[in-house]
Amino acid sequence: MLRNPFFQVAMWTLGIGAALTVIVLNAGWLPAVASDEAGKIDTFYDILAVISCFIFGLVSAIMIVSVIHFRRRHGDMSDGEPIHGNSRLEVLWTSIPTALMVGAAVAGALLLHDIEEPQASTQTVRVQAQQFAWTFEYPQGFRANELHLVEGTPYYFKMNTGDVIHSFWVPEFRMKKDAVPGITTTVRVTPTRKGKYAVVCAELCGLGHSTMRAPVVVEDQQSFDRWAAQARKDQSTVGGQSEPSFK
Amino acid sequence: MADSVAVAAETHGSQQPSSPQRGGFKARMLAPGLLRAAWATVAMAAFAYGLVVGLRAIQGFPLFDSAPIVTAILLAAPMGFLVGIGGFDYWFKYMIGKPTEPEDHSGHGARSWRDYFRVNTDHKVIGIQYTVTSIFFLLVGGALAELVRAELAAPGQQIVSTDTFNGLFSVHASLMIFLVIIPVFAGLANYVIPLMIGAPDMAFPRLNALSYWLLPVAGIMMMASFLVPDSGSFSTGWTAYTPLSSNAPLGQQFFTIGVQFAGTSSIMTALNFLVTIITMRAPGMTFWRLPLLVWANFTTSLLVVIATPFVAGSQFLLLLDRALHANFFDVFQGGETLQYQHIFWFYSHPAVYIMVLPGFGIVSEIISAKSRKPIFGYRLMALSLLAILALGFTVWAHHMFVSGMFSWLRVPMMITTMLIAVPTGVKIFSWLATLWRGVLELSTPMLFCLGFITMFTLGGISGIMLAVIPIDIHVSDTYFVVAHLHYVLFGGSMFTIFAGIYYWFPKMTGRMFDERLGKIHFWLTFIGFNATFAPMHWVGLEGMPRRVADYAEQFAGWNLFISIAAFGLGLSTLVFIYNMIVSWKWGPPAPGNPWRAKTLEWQVSSPPPLFNFDEIPQVVGGPYEYGVPGAVHAVLNGEREKVPAGAGEAGGNGHNGSARQ
């Protein structure tokens with residue numbers, strides 16, 4: 001039994017798969033979960049990652065056992081068994097991956113639908129990108145270079161750019177969308193965790209690409225209101241920044 | 001075809017070593033070669049310069065503007081080079097009605113190293129020219145990558161400015177794609193495929209030579225972009241998205257135009273492969289008896305002729321935007337930004353398969369020969385290539401899930417993308433099943449193949465994650481993508497390239513390489529590769545975007561680790577280079593068939609005779625009949641009598657038992 005190569009493949013598959021699963025699930029490579037969408041995406045990622053660990057485990061197990069068992073001994077000039085194929089096996093390893101892939105694709109499509117579904121009482125923040133800065137225009141009618149969001153409120157970000165393509169990304173929200181010249185793109189996020197994050201530009205936009213960041217603050221309604229009042233005051237005193245809206 | 005081979009075989013006997021070009025100064029300047037190429041390049045550059053300045057004078061513009069002048073020179077000077085080197089001589093004579101030179105095969109074969117620096121119509125010489133040129137650019141591209149890693153070893157600015165940094169990774173990617181992976185596969189295939197199908201050469205030897213000489217033009221152009229004063233090299237990535245690239249400084253022109261030359265080279269070679277494979281197979285070599293490397297290059301060539309015109313088109317439109325303000329992509333002038341990405345990826349996703357299918361072919365050859373077993377499920381292996389070809393054209397927009405394109409296209413593209421995993425999985429499982437119960441010889445080419453299977457599986461798995469739109473939204477444009485693409489193109493393509501170079505090195509050079517150094521090279525590469533690229537998955541998931549010269553403090557630890565590993569990986573290449581050079585010069589002479597393989601290229605001497613086969617082979621069975629008692633793939637010179645009566649006829653119908661699964 002223990003020397004049976006098929007049994008060994010099974011053991012290696014389980015061993016490698018389990019070891020990798022432990023690493024993947026405990027490593028904490030994904031950033032903090034700060035939005036409604038992030039949690040759902042992470043769950044999906046975890047499931048896919050665990051399946052992947054075992055698929056990789058299977059591939060490497062077959063290879064390891066082959067190398068151990070079927071390695072050529074010194075001076076052996078013989079040939080292997082002339083097995084040309086096995087239709088049943090080939091049907092199996094075509095149909096099972098097809099089913100897996102279609103299943104994953106359907107699950108992915110449902111998740112996409114879920115995270116993009118319009119929500120009641122959504123706030124719209126307009127985002128203007130330009131080399132190399134972000135400006136945010138709030139529904140309350142003022143602008144700022146910081147993105148302040150109220151915890152638990154669904155937001156629509158409507159994006160424009162004045163020059164080249166940029167990409168609006170807050171890793172903790174897991175959401176991203178390019179800002180493209182000539183069109184308005186949107187992305188929907190519901191922040192759920194108070195804290196300080198950053199908008200990171202994810203599309204190469206020129207010399208200042210790596211510095212094109214803006215602070216994000218997720219807070220409760222009261223601190224948002226306080227900040228908004230202050231920001232509005234700042235804007236009116238600075239002046240010149242009060243053009244009505246983006247084009 | 002049989003007649004032409006007979007003629008070739010006759011002339012082979014009376015082959016005269018051609019004397020190097022002698023004669024007076026004038027004769028030497030006018031003879032095709034590097035000398036004529038040098039002055040013709042300068043002459044065409046001067047002509048382009050004069051033309052632009054002259055036209056500007058007529059129009060009353062300020063005379064000297066570097067952008068139009070450089071653009072004209074970039075288009076004209078390569079023509080001078082190609083005419084000078086002799087790429088068009090035959091056709092020019094034909095065109096103007098002069099008597100063409102009768103083919104005396106003096107442009108065939110290499111008698112000294114100098115023959116590799118001439119227009120040569122021998123597919124074996126061209127194959128080596130391609131391969132060596134690609135390895136040269138591999139070293140250049142690798143050096144650029146090391147500079148990228150040196151800059152990224154710590155947050156903040158280390159050694160280069162942001163502008164230079166953007167140029168480094170842009171040129172690195174462009175060279176690795178257009179001057180290394182695509183052409184090195186074309187080079188190996190150039191050498192091996194005519195031999196494998198029992199042909200004396202490629203179908204269009206002169207076109208083949210011209211295809212090769214376009215390559216150095218493209219490569220030198222991309223490298224030369226670093227010399228542009230003030231602007232430096234192109235720095236918008238190899239993707240060159242508009243409008244960033246439309247408004248980029250002059251260096252961008254070197255990419256936009258360089259791609260045209262690399263692309264033309266690819267397309268011409270692909271046509272050549274298609275015609276060669278369709279029309280020049282030896283008698284009895286039916287499609288179901290073709291070695292899988294031939295199948296792989298057949299599929300790749302179809303991909304190239306269909307897809308490559310699109311990248312040429314995208315860059316041509318960009319060139320018109322930049323040079324003539326055509327505004328195809330300028331939204332403020334009625335153009336459309338995302339249109340560029342659609343055209344670009346309609347090539348550049350199939351390009352991924354152009355860059356890996358020939359590798360699949362190489363792996364099939366080596367795994368079968370080194371496991372002493374027939375390829376498991378031969379027909380499904382060939383059909384899965386065609387499935388990848390078809391599906392490959394239906395997935396381009398998965399590069400654009402966050403681009404703001406019309407949103408309904410995303411889900412269909414996700415489904416097709418994930419379905420490509422099915423034919424790819426079929427190939428991986430078939431290779432594994434070929435290993436199973438074989439007699440595995442773990443020599444260098446085999447080690448690289450096994451490394452390929454595991455690493456490419458990882459690349460495929462991260463590819464599936466990227467195909468799932470909600471995950472892609474998070475990780476697109478991050479280091480996760482950088483990790484994925486290197487697992488596919490380095491762990492995938494480069495590993496197969498190393499495997500192929502080691503495998504056919506004895507055939508190409510007539511010498512054996514140092515096996516011990518080969519194994520050291522493999523292990524250093526395998527470990528260095530994983531240490532470099534595996535952590536990139538993690539920093540990407542954690543939130544580090546790609547193409548940044550600077551990054552947040554939280555990624556500092558891993559980036560330092562990655563940089564150190566990358567330097568080790570770079571050094572491992574030196575082992576390879578040393579092994580290749582020393583073995584080529586001093587290695588022990590190689591027998592005709594050191595691997596005891598069945599395919600035709602191993603049935604002739606190493607290196608093969610000038611016209612490959614003294615007599616055209618007769619193919620009578622499948623290419624991988626290891627372990628089948630009495631099975632023969634083909635009969636060569638004089639052995640025909642030994643074949644049992646009827647074997648030849650059975651070979652003609654393509655349905656004999658040997659290829660059946």
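Mentor: Gladly, and keep in mind throughout that this is a predicted model. Let us begin with a helix, where the length expected from the number of residues can be set beside the distance between the two ends. Helix α15 of chain B, residues 421-435, has 15 residues, which at 1.5 Å a residue should span 21 Å, and because its end C-alpha atoms are 21 Å apart, the two values agree.

Trainee: Is α15(B) enclosed by the rest of the structure or left open, and how many of its residues are buried?

Mentor: For burial, one counts the C-beta atoms around each residue, and a residue is called buried if 20 or more others lie within 10 Å of its own. In α15(B), 15 of the 15 residues are buried, so the helix is largely enclosed by the rest of the structure. After this helix comes B:R437, which has a positive phi, near 60 degrees.

Trainee: How should I describe chain B as a whole?

Mentor: Start with its elements and then turn to its dimensions. Chain B contains 21 helices and two strands. Its radius of gyration is 25 Å, close to the 26 Å that the globule rule gives for 661 residues, so chain B is as compact as a globular protein of that length. Along the principal axes, its C-alpha atoms fill a box of roughly 75 × 65 × 45 Å, and 59% of its 661 residues are buried. Among the contacts in chain B with a separation of 6 or more, 80% are between residues 24 or more positions apart.

Trainee: Which residues does A:A61 touch, leaving aside those up to four places away in sequence?

Mentor: First place the residue, then look around it. A:A61 belongs to helix α2 of chain A, and it counts as buried because it has 22 C-beta neighbours inside 10 Å. With residues up to four places away left out, A:A61 touches A:V9, A:W12, A:T13 and A:I16. By contrast, A:A202 is 141 residues from A:A61 in sequence, and their C-alpha atoms are 38 Å apart.

Trainee: What is the order of the strands in the sheets of chain A?

Mentor: One open sheet of five strands runs β4-β10-β9-β6-β7 in chain A, with mixed pairing; its edge strands are β4 (147-150) and β7, each pairing on one side only. Ignoring direction, neighbouring strands of this sheet are turned by 25 degrees against each other on average. Within it, β6 (residues 166-170) and β9 (residues 195-201) of chain A run antiparallel and are joined by two bridges, and A:W169 stands opposite A:V200 in β9(A).

Another open sheet of five strands in chain A has the order β3-β2-β1-β5-β8, also with mixed pairing. Here β3 (143-144) and β8 (185-189) each have a single partner strand, so one side of each is left without a neighbour in the sheet. Seven bridges join β1 (residues 123-130) to β5 (residues 155-161) in chain A, and these strands run parallel, with A:V125 opposite A:F157 in β5(A).

Trainee: How many residues of chain A are in contact with chain B?

Mentor: Count each side, then ask which elements supply it. Here 66 residues of chain A are in contact with 73 residues of chain B. On the side of chain A, the elements that give two or more residues are α2 (36-69), α3 (87-116) and β7 (175-179), and the largest share, 14 residues, comes from α3(A). By class, that side has 37 nonpolar, 18 polar and 11 charged residues.

Note on methods: Residues numbered from 1 in each chain as written. Chains lettered and ligands numbered in written order. Predicted model: local features only at pLDDT ≥ 70, side-chain atom pairs only at ≥ 80, totals over all residues. Contact = placed C-beta atoms within 7 Å. Helix = DSSP H or I, 4+ residues; strand = E, 2+ residues; numbered from the N terminus. Nonpolar A, V, L, I, M, F, W, Y, C, P; charged D, E, K, R; others polar. Expected span 1.5 Å × (residues − 1). Buried ≥ 20, exposed ≤ 12 C-beta atoms within 10 Å, placed from the backbone. Pairing = 2+ DSSP bridges. Axes fitted to C-alpha atoms, helices over the stretch in contact; angles between N-to-C directions. Rg over C-alpha atoms; globule rule 2.2 N^0.38 Å.
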